[in-house]
Amino acid sequence: MSHPHPLYADPVAFAATRHRIVINLSGGKDGLVAGLIAMDAARQAGVADRVWTAHASLGPMEWPAVTVDGVRWPSASELAAQHSQALGVPPERHVEIRRSREVDGERVPFDLLTFIAERGDWPWLGRARTCTGPWKTKMVYQAFTPQVRALRKETNGPLMFANVLGMRAEESPDRRNREALRRTTDNSARVVDEWLPAHQVGTEEVWERTISAGLPYHWCYDSYPGAKDRGGSSRCSCSACTLANHRDLLLSAGRRPRMAELCALVERVRQVPFNPNITMAELIALSRRRDAPDPGVLVEENEDFERMERDVHAALRKPPTWDSKARTGPGEILHSAAGCDGCS
């Protein structure tokens with residue numbers, strides 16, 4: 001693997017050259033460990049005051065908060081803020097960004113599932129990853145534009161940014177081949193280097209670092225909130241990710257049945273399967289079998305979810321804005337769901 005940036009081998013020297021180090025936190029375990037490594041380098045370089053954290057919220061698509069036996073377990077967004085404080089970043093340097101749009105002269109939340117329903121297509125690997133760039137990277141860049149404008153008055157040349165992400169080589173072939181440091185933006189206003197400090201850290205070490213440091217992690221990783229067995233989902237943040245593994249998707253369907261049914265409605269109306277290998281209708285059926293993983297908890301959806309649910313229904317009453325090449329044709333998804341093992 002090539003590492004084109006000359007400072008890759010010395011993260012402390014690299015951190016020293018940055019005007020801003022932005023640690024992206026999803027509320028998951030990987031972003032937290034990447035943040036620990038990046039913050040350590042920033043402290044050694046004497047630039048810890050240049051570190052900010054950002055959470056690009058996916059709204060109701062994220063794992064929400066749950067209350068079990070009188071104990072409230074935080075949502076992904078809430079945990080991202082807790083992770084920021086655990087890293088030593090002051091609350092005023094943590095930003096949460098959520099996509100919105102104007103409707104009848106008022107700014108209202110614009111949710112990923114509503115967008116998918118309007119577009120009529122799901123974000124699969126190897127296709128347009130509409131769930132990342134426009135909903136995460138672009139939002140974070142926009143959030144820091146005012147700082148770029150202000151700092152440029154005090155700085156000669158473009159602002160040097162480090163965009164810290166929690167991607168790890170162990171997660172997928174695509175991420176394994178990703179460079180740990182690469183330049184993603186280079187213009188007169190800002191230069192952005194994407195930095196993956198935990199790229200070579202294995203899953204076992206991620207958990208060792210998290211547990212040994214006494215850091216909080218999301219309830220969705222456990223078989224039930226508070227179990228502390230990491231027997232739940234392997235990934236966090238988006239609770240209905242089309243790229244999640246089979247077990248994670250079964251847990252999601254079991255833990256958030258209303259979310260699963262809403263996704264199934266979108267695939268049924270748009271005739272585009274949730275995943276190229278399995279439909280959400282099939283996942284719902286499989287999640288109800290005796291041999292399915294025990295969800296451990298049932299999420300009670302909140303008003304934010306119900307608002308998104310109304311928006312999705314409204315979107316599905318209109319033609320899709322995108323002619324998906326994955327469209328199956330009328331009735332095919334319903335037929336495939338009816339024919340799956342155990343659906344009865």
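Me: Which domains does the lining of the second largest pocket draw on?
Reply: Domain 1 (11-99 + 135-195) and domain 2 (222-316) each give at least three residues to that lining. The bounds come from an automatic or database domain assignment. This is a predicted model: local features need pLDDT of at least 70, side-chain atom pairs count only at pLDDT 80 or more, and totals for chains, interfaces and linings use all residues. Residues are numbered from 1 along each chain as its sequence is written, and side-chain values use heavy atoms, with hydrogens and water left out.

Me: What counts as a pocket?
Reply: Take a 1 Å grid over the protein atoms alone. A pocket is an open set of points with protein on both sides within 12 Å along at least five of seven lines. A cavity is a set where a 1.4 Å probe fits but cannot get out. Lining residues have an atom within 4 Å of a point.

Me: What volume does the second largest pocket have?
Reply: About 400 Å³. Volume here is the space filled by probe spheres set on the points, with grid points joined across faces, edges and corners.

Me: How many residues line it, and which lie nearest its centre?
Reply: The lining has 25 residues. Trp63, Pro64, Ala65, Ser75 and Asn302 lie nearest the centre. Two or more residues come from each of β3 (66-68), α3 (76-86), β5 (94-98) and α12 (303-316). The largest share is from β3, with three residues. Helices (H or I, at least four residues) and strands (E, at least two) are DSSP runs, numbered from the N terminus.

Me: And by class?
Reply: 10 nonpolar, six polar and nine charged residues. Ala, Val, Leu, Ile, Met, Phe, Trp, Tyr, Cys and Pro count as nonpolar; Asp, Glu, Lys and Arg as charged; the others, Gly among them, as polar.

Me: Back to the domains. How many Å separate their centres?
Reply: 27 Å between domain 1 and domain 2, taken over C-alpha atoms.

Me: What area do they bury?
Reply: About 1,600 Å² between them, 65% of it on carbon and sulfur atoms. That is the accessible area (1.4 Å probe) the two parts lose on being put together, summed over both. On the domain 1 side, Pro60, Met61 and Trp63 lose the most, together 46% of what that side buries.

Me: How many salt bridges cross that interface?
Reply: Two. A salt bridge is a side-chain nitrogen of Lys or Arg within 4 Å of a carboxyl oxygen of Asp or Glu. The whole structure has 22.

Me: Which residue pairs with Asp111?
Reply: Arg307, with the closest N and O atoms 2.6 Å apart. Asp111 sits in the loop between β7 (106-109) and α4 (112-119), Arg307 in helix α12, 196 residues apart.

Me: New topic: how many cavities of 30 Å³ or more are there?
Reply: One. The largest cavity holds about 60 Å³ of space. Its lining includes Val22, Tyr141, Phe161 and Arg190.

Me: Which element gives the most to that lining?
Reply: β8, with three residues. By class, the lining of the largest cavity has seven nonpolar, one polar and one charged residues.
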